[in-house]
Structure formats: structure tokens, C-alpha cells
Amino acid sequence: MNTTHEAGDSAYDNLSALLDGELSDQGARLAIRQLRDDPTRQARFAEYCAIGDLLRGQHEDLPGLTRKVMAALDDEPTVLAPLRKPREKRPLLWLAAAASAAITWGLWSALPSQESSAPLAAIPTPADVMPYLVAHQDYAQAVLTTPEMHYTRVALSGEAR
Amino acid sequence: MSDREIDLQLVEQVREGDKRAFGLLVEKYRRKIIRLLSRMVRNADDLEDIAQETFIKAYRALPQFRGDAAFYTWLYRIAVNTAKNHLVARGKAMRTISDQAMNDDDEPDERLVAQDISTPETELLSKQVAIAVNEAVDALPEELRQAITLREMEGMSYEEIAEFMACPIGTVRSRIFRAREAIASKLRPILGTPDDKRW
């Protein structure tokens with residue numbers, strides 16, 4: 001067998017690895033981008049898919065099916081529904097919320113015991129925090145009573161889980 | 001990037017407006033879906049209609065695909081439902097029971113009885129293709145034949161093949177690529193896939 005191959009063939013080596021899921025994320029994205037606009041690459045991709053199927057005994061086929069499907073899609077509206085943003089960005093929202101809760105909890109911790117149900121304004125507090133607490137009273141109570149923040153409150157108070 | 005992630009990438013491209021990426025998914029899963037449907041329908045014309053409808057329905061439903069399941073699992077369900085609806089609408093009974101088509105892990109269960117729906121022409125073509133593939137594989141040098149067999153039939157990763165064959169991963173990648181190229185060159189005249197003509 002001729003073990004040498006044309007220099008151009010090595011351009012499809014990444015296509016072979018793509019099909020096997022053996023490219024890096026960056027390499028795979030590049031290979032997929034290259035596929036989009038290159039009919040020759042698409043033909044190679046189809047051949048590699050066929051080889052795998054045939055080796056696994058999947059001989060049933062309708063050779064014109066892809067062409068028919070794509071022709072039918074010409075009459076379909078173009079799908080425009082990008083996938084949602086990666087989850088990595090979400091922790092920033094939680095960090096911001098946790099920071100707010102921590103600040104509020106820290107201010108509450110500076111106060112005497114809360115067993116009495118007296119309104120916040122009636123409890124003696126350090127003079128320098130009084131204006132802040134009065135201004136943020138409604139918000140602080142809402143945050144502390146939010147179920148999602150319970151774990152944060154417990155962690156900050158040092159209680160065992 | 002895993003096979004599942006590649007499918008997700010292609011789906012993402014389709015959802016961003018690139019229909020051609022969907023063609024790649026069709027090519028990738030065409031035979032699997034056809035094989036599945038051939039076990040559920042008797043008539044070759046029905047098979048083609050249902051297969052086409054399956055992929056078109058999948059395209060339309062892509063905005064609802066969230067990637068929780070593998071793309072092929074999702075496509076499999078669409079195929080089964082499409083076959084059911086098609087045959088019920090035409091008053092025909094299904095040959096196999098789709099309720100048994102999913103295993104305990106909710107994955108496609110391929111252990112179904114094969115049904116022959118071939119026409120003489122398609123049967124002849126299938127035989128020609130099967131013979132060509134076998135001959136092409138037999139003609140490969142031992143190291144290429146072993147590499148492509150371990151990859152395609154045993155499903156081993158490059159790393160596993162490298163360990164098995166006691167060679168670097170790069171060598172495995174090269175051997176598999178060269179094996180595919182050699183087989184493709186033998187199949188091309190039969191499959192009739194000119195380089196400059198795709199969908």
C-alpha cells in the first residue's frame with residue numbers, strides 16, 4: 001500500500017480526529033468552522049462517517065436522504081435560538097448577593113440580641129450605623145428572611161450545618 | 001472535545017442560523033436512524049418518508065433541545081415518535097414495540113430484530129459497499145487495520161489504542177486517518193461522492 005499521501009490530505013487529518021472526539025476544544029471549533037464553508041471537507045466528513053457505520057455493519061442507507069433533507073430545509077425558517085450563556089458567569093451574581101448579605105449580617109451582628117420584637121429603630125445602636133440601618137431597614141429584613149440566603153447566614157454565624 | 005460536545009457545537013451553529021451545520025448532523029446519524037426505522041416499518045417508501053420527516057422535525061425542534069440528553073438520544077426519540085404517528089395515520093401496524101426501544105438507562109436500545117426492507121437494487125448496492133469495505137480493510141497494512149478496527153469497532157480512545165499498540169497517540173491519530181483515507185478512496189467510486197458536490 002502506498003504509505004505516502006498528498007500534502008493536501010494532511011489537511012483532513014484534523015477532520016478524522018474531530019470525528020473521534022480527539023481534538024482540543026480550540027482545535028474542534030476550528031475544524032467545525034472549516035467544515036462550514038468547504039464542500040470538499042464536508043464530503044470527507046461524510047465518507048469518514050460512512051466508513052465507521054459500514055465497519056459496524058450498518059449497511060442500510062438512503063444515499064439521497066441528506067440532499068432531500070437539506071432541500072426541504074430551504075423552505076424552513078432559519079432557526080435563530082442561540083444556546084444560553086455559559087454557567088461560569090452565574091457565580092458572579094451569587095458572589096454579589098452573598099457579599100450584600102454578609103455586609104447586612106455583619107451590621108446585624110453588631111446589634112444587641114434580636115429576641116425582642118421591638119422595631120429596629122427603637123433598639124439602641126451605635127450612632128454611626130443608625131442612619132444606615134434606618135435607611136436600609138426594609139431591604140435588610142427582606143434579605144435575611146430570604147430562604148436562599150439562609151445558608152449564608154448560618155455560615156457567617158459559625159453555626160454547624 | 002468529546003463526541004457529545006461536538007454535536008452540541010454543531011447544534012449551536014444551527015441555532016445561530018447556519019443550516020449547513022445540520023447537514024453534518026444528518027450525515028453523521030443518517031445510517032443509525034435508517035437502521036432504527038427499518039426495524040419499525042415494512043415499506044421502503046415509508047422508510048424514506050419517515051426518515052426525512054424525522055430530520056426535518058428535529059431541525060424544527062432544535063430551539064427546544066437543551067443538551068441535557070445526547071443529541072442522538074433526542075433524535076432517536078423523535079424518530080420513534082415520527083414512525084408511530086406516520087404508521088398510525090396510515091392505518092398500519094408497527095412491527096416492533098417502541099416502548100421497548102429504550103433501555104433502563106433511558107438510552108436507545110439497539111437490540112431489536114433486524115428487518116429486511118431492501119429492494120433488489122439497494123440490496124445489490126449494499127452488498128457491493130460491504131464487499132468494498134471488507135476488501136479495503138483487508139488490504140491495509142497491519143498497523144493501520146488494527147488501529148481503525150480498535151477505533152471503529154471496539155470504540156477505544158486514541159489513548160487506549162496507543163497503550164494497546166505501544167505507540168504514541170500521534171501515531172495512532174495518523175494511522176487511523178491514513179486508514180480512513182485508504183478505505184475512502186476504494187469506496188468513492190461506489191458511493192459516488194464527488195468532492196465538489198455536497199448538499
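Reader: In which helix of chain B is Lys28(B) found?

Author: Helices are DSSP runs of H or I with at least four residues and strands are runs of E with at least two, numbered from the N terminus. Lys28(B) belongs to helix α2 of chain B. This is a predicted model, in which local features need pLDDT of at least 70, side-chain atom pairs count only at pLDDT 80 or more, and totals for chains, interfaces and linings use all residues; residues are numbered from 1 along each chain as its sequence is written. Chains are lettered from A and ligands numbered from 1 in the order in which they are written, while side-chain values use heavy atoms, with hydrogens and water left out.

Reader: Is Lys28(B) buried or exposed?

Author: A residue is buried under 20% relative accessible area, exposed over 50% and partly exposed in between, with a 1.4 Å probe and protein chains only. Lys28(B) counts as buried because its relative accessibility is 11%.

Reader: With which side chains does the side chain of Lys28(B) make a polar contact?

Author: A polar contact is a pair of N or O atoms within 3.5 Å; within protein, one must be able to donate a hydrogen and the other to accept it, and residues adjacent in sequence count only if both atoms are side-chain atoms. The side chain of Lys28(B) has such a contact with that of Asp3(B) at 2.6 Å, and another with that of Asp7(B) at 2.7 Å. Contact in general means heavy atoms within 4.5 Å. Leaving aside residues up to four places away in sequence, Lys28(B) touches Phe45(A), Cys49(A) and Asp53(A) of chain A as well as Asp3(B) and Asp7(B).

Reader: How many residues of chain B are in contact with chain A?

Author: In chain B, 71 residues are in contact with 66 residues of chain A. Buried area is the accessible area (1.4 Å probe) that two parts lose on being put together, summed over both. Between chain B and chain A this area is about 6800 Å², and carbon and sulfur atoms give 61% of it. Met1(B), Arg31(B) and Phe177(B) supply 11% of what chain B buries against chain A, more than any other three residues.

Reader: How many salt bridges does the rule find across the interface of chain B and chain A?

Author: The rule asks for a side-chain nitrogen of Lys or Arg within 4 Å of a carboxyl oxygen of Asp or Glu. It finds 14 salt bridges across this interface. One side-chain pair in a salt bridge is Arg20(B) with Asp37(A), at 2.8 Å from N to O. The largest share of the side of chain B that touches chain A, 13 residues, comes from α2(B).

Reader: Where does Glu181(B) lie, and which side chain does a polar contact join to it?

Author: Glu181(B) is part of helix α8 of chain B. It counts as buried because its relative accessibility is 11%. A polar contact of 2.8 Å joins its side chain to that of Arg44(A).

Reader: What is the phi of Ala166(B) near?

Author: Most residues other than glycine have a negative phi. Ala166(B), however, has a positive phi, near 55°. Its place is in the loop between α7 (158-165) and α8 of chain B, and it counts as exposed because its relative accessibility is 69%.

Reader: Which residues does Ala136(B) touch?

Author: Not counting residues up to four places away in sequence, Ala136(B) touches Ile183(B) and Lys186(B). Ala136(B) lies in helix α5 of chain B and is buried, with a relative accessible area of 3%. Ala136(B) and Ala182(B) are 46 residues apart in sequence, yet 7.2 Å apart in space, C-alpha to C-alpha.
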